[in-house]
Amino acid sequence: MLDQLTGYLSSNLTPGAAGNSLWALIYILLIFAGVSFFVMLMNWVERKALAHFQIRLGPMRVGPHGLLQPIADAVKLMTKEDVIPAGADKTIFWMAPVWVVLTGFTTLIVVPFGPTHAVTDMNIGILYMLGISSLGVLGIIMAGWASNSHYPLMGSLRSSAQMVSYEVAMGLAIVSAIMMTSFTGYGMYGAGTAAGTGTLSMIQIVEAQKAQHVWFVFKFFPLGFIAFGIFAIAMIAETNRAPFDLPEAESELVAGFHTEYSGLRWSLFMLAEYAGMFAVSSIAATLWLGGWMRPFPNALAGPTWDLAFSLVPGALLLLVAVAAFYNAARMPKHLAMRIQTLGLWGLGAVIALVGLIMLIPAVRVRIADISWFVMKVGFFMYLYIWYRATFPRYRFDQLMRVGWKVLLPVALGVLIVTGIAGLTPELLAWAKGAR
Amino acid sequence: MVDNDRDFYGQEWKEDRGEKSSTYLDASELVLNMGPQHPSTHGVLRVILKLDGEKVLGTECVIGYLHRGVEKIGENRTYTMFAPYVDRMDYVAAVSNGLGYCTAVEKLINVEAPPRAQYIRVIMTELQRIASHQVWLGTHALDIGAMTPLFYTFRDREEILKIFEKYCGARLTTHAFRIGGCQYETYEGFEKEVKKVCAFMEPKFGEYEELLTTNRIWVERTKGVGKLNGDECKALGVTGPVLRASGVKWDLRKAQPYSGYDKFEFDIPVGENGDTYDRYMVRVKELHQSLRIIRQAVDNIPEGPILAKVPKVLKPPVGEIYHSIEAPKGELGYFIVSDGSLQPYRMRIRPPSFVNLQALDKMVRGLLVADVVAVIGTLDIVLGEVDR
Amino acid sequence: MAEEHKPDATPPAGTQPAEKPAADVKSLPPTLPSSSTTAETKPAVPAAPVKPVAPAKPAGPVPVPWDNEFIHGLKTVYESGIRETSTYLGQNYMVVDASILTEILQDYRDDEGFDYLVDLTAVHYPKREKAEFEIVYILYSFVKNERVRVKTQIADGESVPSATAIWPTANWLEREVFDMFGIRFEGHPDLKRILLPDGWKGHPLRKEYGILQQDKEWVQINLGIESGQ
Amino acid sequence: MLRKIFMVDLLRGLRVTFKYQHPREIYTEQYPLERPVIAERYRGLPRMNVNPDTGETLCISCDLCAKACPEHLIVVESERDPVTKRKVLKNYTYDISRCMFCGLCEEACSTDALELSQDYEIATYGRENLVLDLKRLEAGPEPTEYTR
């Protein structure tokens, strides 16, 4: 048992690939806990960031600056009575949230936090993720149908049509990114001589980007970026967020498919939604923004740059700690607030400690990959909230029109042009040869 | 609730459905109840939608949840006592209700408010028009999905409410005017503060436009939705920004000026094809026009008394008059029948929202559920005024 | 619950006195003499010593007969139907028979261009025996920027042809008049209560309907509580 | 067309919301700690003024305020003092459960004894203490100090 445990540490394969099921279990638990913590954090960040966009404060009462709000929400949702509507179809009603959470989390086993930090490295990574995330639609339809009332029914039908139609656009954008993995040229416009073999595995995709010294977002500049843009739009529609949040449009359908849910079941839906957001933005980060690679790995190579970039995560945490101390100092000097200020000082101290640990050279190297990946996903989360604050909602038929008539043709176009761009040297050679 | 054998809505309903279906709810139709407690019906309005999938076949509005019998109360209060009740009808534009009521009674007793009072009244009513349009813009954008304009508009509206509070003591139900003029002299620094607020507002209107006017999602959600042309508006008695957006250049402040509006020059924004986008543009332009009026009024506000000589115990001569003003929602009219006693014999109030809401069914037919919400928002109805 | 603080001791000016000293208004508006004969009941003697009787009010504005060629045309056609056309405080109005009402409204809309029915309301005069209700149509012409009031007088229980055909806006206005006064409008597509609940009995804006009165039976059935007042 | 491709309109909307993230723009007022500034003419809880030196009420029980109130919420009981032949205020109740704070009573009061103060914290735990008697009216507002 012990050697199985230590045996893996030296290998540079993912636990799944190395066949070490124990470590795979540990990774699964780590990811599950990590994503749940991420959902709690995201709950707080969404409320605060959305509030600041809207010139208000967001939760301030529960804990210093509302930090205990997610915990309060969780407890509230746990203790709230779990209502099942009278005419509801009990089994399907019960199964729907479980199904949605199931699909939400299983997509995460392929997400590459680092060269070896993924539960397993399937060679069909992307295809697996797309397949599982499209299963999530089934759960939503089940929820809508089982609630046996008008609004959820309409909400679930809408969201199923929406997710199906945006999956097409998403798939095509991904295909054009996969195609790029088969090129072997260097730099932004290098197409390379021999036609390499493309890969679907997430870790190989990042390796390909490392090999080509370019993030696919910048490959053949406008093409990569357009594909990334299409994916970004489709991913928002996939998770029913921001301009495309029609299924849960409060102003029309009250709350869409999860109207009749309450208490723990409702929180499962929220958990699944945030997990889905995490999964989809991790695909975007891996495919286009070079997974765990730090920015400018080649242009700014050399030890000094390596050192500088590896300090960034630690420095970031220290910055957060300073912010915490500053806010703790600014807390009102009220008797009742004293506990909260103490709590904030404590939190600031903990974050500072973690930041310092991250700066130790031994630790620094290991966590560099994970931190860069999480930062990129964090950027996408910020985008989600930003869109939600600014944009009005599309109407259902316009949403379909955008999905089919705008995204799909553009995605096809990008696909073809990338193909041609990738094969130019061979085409030239062929043309020269033929003449 | 809706009995079975009768057709759902009115005569012409029968033609386009061919023979009447025997069972009330055959498979194609879904009766959806946008009930009184719906997030986007501005107040307690219940709309029964007959849907074919998402398309709206017909609507029926059930109102009366907020009916407080203002007209019956009007018959049992003296003229001065009734003024506070008027504020509670269109609670978003209380000052203009008060102005309508006071000018109507002044016309009845043939008294003219002194010029200074007229100027103060114009300033307060135009400020209230801006505040009312801001509430409309905030909630209308919220219905179509954009959450943030609501907070920006309400923050700017707060400045206006502060002025009201400083001037007459209340923010919403102001009861600022009395029959014959204004009750309060302007507090010192009133003109300076109004000017400061106008200067503060101008760039903020630009921001609303930047957030919404050119935003493609907003344009798509509002262009061509809920069309009404000029003649339909006139036939349905629709007034206010909704009428002006359909191309009819008619504004009571210009057509039949009251309370000194003829002294200010401002123009009336007019739309062309009377859809939700045009109504949005008309109201946004009206914001700028109101600012123009306020600046002119504040610049040359005359000195002098603020209350005309009106007997404490007011007994108007026997007779009846109809007087209407341009409220932010449309033409707000008062038909007062007096029998010479202390209390009006009949106090009829013609609410713009009640009549505008009638046009909902014609505008919404054939649209989707999401558009019903947008059209209710663009009609800018306030249920306090609809139900009286 | 604290004793309901609405003692009857408050002076009559506030509450609704049992017998309304309303002027016995024959044809509205009466000429000057009849208004001065109204019993000038003084509110309860205020604390100050009795004020001398207010000096006779200056002559109030008096309705002046109003005439123009359109009215002339109407009069030649329906001489008896048009009871009175006059102007009061600058607002001209005409009183017509119920029988020829729709034709007159139709003429107004088509010939004179009064294409906007501003308001349709009713006033209840319980004292008049044959003409208890007076239905008022307020019309406005966009072209001429003019307002006119067309009024008819009907007895209790009589009904009036609906104006929905001429102006669709009359639909809800008539429903409200029916709801508040109980006047039926023939030809109205969907005449039922608009503001009050459907099962409500009684029409509130009638003069004999007290201000605190509620349909106790409806409240009992639907809300299951003792009527609030 | 070009602007449509590069989504200029969406980006401008985003810029506006981004600009408002600055903490300086935050508009919320944390109520119990930060109290709003109330205007001097604010019409809040009614208060009976007392003659500063003699300490007895200024009200001459002329009953004008009771007549002016649209909702008839004020009841003035007074009896005639045999010696000075003038009415003396015995009891004065002001029921604010249905009061609209319209200020008509304040205007009608000839000796400006009755006045609407600037107190806006009028909520009570029972309907009974919404009926203010003379003592409460003279005491005037006493803002409660919230700690939480």
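**View 1. Strands E3 and E5 of chain D run antiparallel to each other.** In this predicted model, strand E3 of chain D covers residues 87-95 and joins E5(D) over 2 bridges. One place to look is D:Asp95, whose bridge partner in E5(D) is D:Val131. The two strands belong to an open sheet of 3 strands, which has the order E2-E3-E5 in chain D and antiparallel pairing. At the edges of this sheet lie strand E2 (74-80) and strand E5 (131-132) of chain D, each of which pairs on one side only.

**View 2. D:Glu79 sits in strand E2 of chain D.** Is this residue buried or exposed? D:Glu79 has 11 C-beta neighbours inside 10 Å, so it counts as exposed; the cut-off for that class is 12 or fewer. Setting aside the neighbours within four places in sequence, D:Glu79 is in contact with D:Val88 and D:Lys90. D:Lys90 is 11 residues away along the chain, and the C-alpha atoms of D:Glu79 and D:Lys90 are separated by 6.7 Å.

**View 3. Strand E7 of chain B pairs with E6(B) and with E8(B).** Let us start with E6(B), which pairs with E7(B) in the antiparallel sense over 9 bridges. These two strands form a hairpin, with 2 residues between them. Within this pairing, B:Ser324 stands opposite B:Gly333 of E7(B). E7(B) and E8(B) are likewise paired in the antiparallel sense, over 5 bridges. Here you can find B:Val337 with its bridge partner in E8(B), B:Arg346. How many of the residues of E7(B) are buried? The count is 9 of the 9 residues, so E7(B) is largely enclosed by the rest of the structure.

**View 4. Chain B meets chain C.** This contact takes 39 residues from chain B and 41 residues from chain C. On the side of chain B that touches chain C, at least two residues come from each of these elements: helix H1 (70-74), helix H8 (230-236), strand E6 (319-327), strand E7 (330-338), strand E8 (346-350) and helix H12 (352-358). Which element gives the most to this side of chain B? It is E7(B), with 4 residues. Sorted by class, the residues of chain B on this side are 15 nonpolar, 14 polar and 10 charged.

**View 5. Chain B also has a contact with chain D.** Here 19 residues of chain B are in contact with 18 residues of chain D. H2, helix H5 (148-168) and helix H6 (190-212) of chain B each supply at least two residues of the side that touches chain D. H5(B) gives the most to this side, with 5 residues. The side of chain B that touches chain D has 6 nonpolar, 6 polar and 7 charged residues.

**View 6. Helices H2 and H3 of chain B cross at roughly 150°.** H2(B) spans residues 79-87 and H3(B) spans residues 94-108, and their axes come within 8 Å. How are the two helices set relative to each other? The crossing angle is roughly 150°, and angles over 145 degrees count as roughly antiparallel; H2(B) and H3(B) are therefore roughly antiparallel to each other. Their crossing is right-handed. From H2(B), the contact is made by B:Tyr79, B:Ala83, B:Val86 and B:Asp87, and from H3(B) by B:Ala94, B:Asn97, B:Gly98, B:Tyr101 and B:Val105. By class, the residues of this contact of H2(B) with H3(B) are 6 nonpolar, 2 polar and 1 charged.

**View 7. Helices H10 and H13 of chain A cross at roughly 120°.** Moving to chain A, we find H10(A) at residues 264-288 and H13(A) at residues 361-390, with axes that come within 9 Å. At their crossing angle of roughly 120°, H10(A) and H13(A) are therefore oblique to each other. The crossing of H10(A) and H13(A) is right-handed. H10(A) brings A:Met277, A:Phe278, A:Ser281, A:Ser282, A:Ala284 and A:Ala285 to the contact, and H13(A) brings A:Phe373, A:Lys376, A:Val377, A:Phe380, A:Met381 and A:Tyr384. By class, the contact of H10(A) with H13(A) has 9 nonpolar, 2 polar and 1 charged residues.

Technical notes
Residues are numbered from 1 along each chain as its sequence is written. Chains are lettered from A and ligands numbered from 1 in the order in which they are written. This is a predicted model: local features need pLDDT of at least 70, side-chain atom pairs count only at pLDDT 80 or more; totals for chains, interfaces and linings use all residues. Two residues are in contact if their C-beta atoms, placed from the backbone, lie within 7 Å. Ala, Val, Leu, Ile, Met, Phe, Trp, Tyr, Cys and Pro count as nonpolar, Asp, Glu, Lys and Arg as charged, and the others, Gly among them, as polar. Axes are lines fitted to C-alpha atoms, for helices over the stretch in contact, and angles run from 0 to 180 degrees between N-to-C directions. Angles under 35 degrees count as roughly parallel, over 145 as roughly antiparallel, 65 to 115 as roughly perpendicular and the rest as oblique. A crossing is left-handed if the near helix is turned anticlockwise from the far one by less than a right angle, and right-handed if clockwise. A residue is buried if 20 or more other C-beta atoms lie within 10 Å of its own, exposed if 12 or fewer, and partly exposed in between; C-beta atoms are placed from the backbone. Two strands pair if DSSP finds at least two bridges between them.
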